[in-house]
Amino acid sequence: MNEDSAASKRSWRQVLRDVPTVKAELPRFDTDVAPADPLVLFGEWLETAIAGGVLQPLAMSLATVSPSGAPAVRTLILKDLDATSLWFSSLSSGPKGADLEAHPAAALVFYWREQGRQIRVSGLVEAGPRDVSENDFLQRQPNARARAIAGRQSEAVEDFDAHLAAGQAVLERNPAYVPEAWVAYRLVPEWIEFWQAELERDQVRLRYERTGDKWHRHLLWP
């Protein structure tokens, strides 16, 4: 009997239950020496992920709520990190933009499986300065800029090549062109939670919550 046949004799719940959640030695998370500012800790973990060869360390899930109240989540790229905010970019004319216009708040999740780490972030979202949005767009690859110029994000398209050619033509005429709808958004965290899987303790969770300009830390039950 092959493995597929053997698996079919058991429920998926049984199959999934047998998959080990931790297979290798993972970083230790000493919460006693965690910095007072969670964005400092975020930067430290991000540097460790990049240096450690984590696949796609900048990928993050962004969750928003539509004008009708329906949740939506998608994966995109972290564009910047500063002392107060995490940055991402998108067309304000697309679904993300419509969601944020109606409900200017969002949640992020970073998951770095190679290091058994997850970071959850929730907070208010606002558009950054126009010059930041323009610089962000101009740093994108030419084809990425052409796609953003030519099509309406997430809408059905029948002739992709024709739309792309139209966007490329715009850039040929004006290489510095930036759509008005292109926005660099900043998420200002209200809380951040750091999660570390460990062989001995199963998992460690440290949550930071902001009150005014001060952060308060709490260890959470797994």
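## Glu-193 and Arg-207

Glu-193 and Arg-207 form a salt bridge, with 3.7 Å between the closest N and O atoms; the term stands for a side-chain nitrogen of Lys or Arg within 4 Å of a carboxyl oxygen of Asp or Glu. Glu-193 belongs to strand E7 (residues 182-198) and Arg-207 to strand E8 (residues 202-211), so the bridge ties together parts that are 14 residues apart in sequence. Helices (H or I, at least four residues) and strands (E, at least two) are DSSP runs, numbered from the N terminus.

Glu-193 is buried, at a relative accessible area of 2%, and Arg-207 is buried at 16%. Buried means under 20% relative accessible area, exposed over 50%, and partly exposed in between (1.4 Å probe, protein chains only). The two residues are also part of a network of salt bridges that links Arg-120, Glu-193, Arg-205, Arg-207 and Glu-209.

## Basis of the model

The model is predicted: local features need pLDDT of at least 70, side-chain atom pairs count only at pLDDT 80 or more, and totals for chains, interfaces and linings use all residues. Residues are numbered from 1 along each chain as its sequence is written, and side-chain values use heavy atoms, with hydrogens and water left out.

## Other salt bridges

The whole structure holds 10 salt bridges. One of them joins Arg-74 to Asp-99, with the closest N and O atoms 3.6 Å apart. This pair links distant parts of the chain, since Arg-74 lies in strand E2 (residues 71-77) and Asp-99 in helix H4 (residues 95-102), 25 residues apart. Both Arg-74 and Asp-99 are buried.

Lys-79 and Asp-136 form another salt bridge, at 2.9 Å from N to O. Here too distant parts of the chain are linked: Lys-79 is in the loop between E2 and strand E3 (80-81), Asp-136 is in helix H5 (residues 130-138), and 57 residues separate them. Lys-79 is partly exposed, with a relative accessible area of 36%. Asp-136 counts as buried because its relative accessibility is 11%.

Ser-133 is buried, with a relative accessible area of 2%. Leaving aside residues up to four places away in sequence, Ser-133 touches Gly-128, Trp-182, Val-183 and Ala-184; contact means heavy atoms within 4.5 Å.

Ser-93 sits in the loop between strand E4 (86-91) and H4. At 39% relative accessibility, Ser-93 counts as partly exposed.

## Helices H6 and H7

Two packed helices are described by the angle between their axes and the distance between the axes. The axes of H6 and helix H7 (residues 160-173) come within 7 Å and cross at roughly 105°. Axes are lines fitted to C-alpha atoms, for helices over the stretch in contact, and angles run from 0 to 180 degrees between N-to-C directions. H6 and H7 are therefore roughly perpendicular to each other; that class covers 65 to 115 degrees, while angles under 35 degrees count as roughly parallel, over 145 as roughly antiparallel and the rest as oblique. On the H6 side the contact includes Pro-142, Asn-143 and Arg-145, and on the H7 side it includes Leu-164, Gly-167 and Gln-168.

Asn-143 is found in H6 (residues 142-150) and is partly exposed, with a relative accessible area of 40%. Not counting residues up to four places away in sequence, Asn-143 touches Leu-164 and Gln-168. Asn-143 and Gly-167 are 24 residues apart in sequence, and their C-alpha atoms are 8.5 Å apart in space.

## Surface and whole chain

Trp-12, Leu-16 and Val-19 make a nonpolar surface patch of about 370 Å². Patches are made of residues with over 30% relative accessible area and no salt bridge; like charges are joined within 9 Å, and nonpolar side chains (Val, Leu, Ile, Met, Phe, Trp, Tyr) within 5 Å. Leu-16 is in helix H2 (residues 12-17) and is exposed, with a relative accessible area of 56%.

The secondary structure of the protein chain comes to 7 helices and 9 strands. Of its 222 residues, 38% count as buried. The accessible surface is about 13600 Å², of which 52% belongs to carbon and sulfur atoms; areas come from the Shrake-Rupley method with a 1.4 Å probe, and for residues only the protein chains shown count as cover. Among contacts between residues at least 6 apart in sequence, 62% join residues at least 24 apart.
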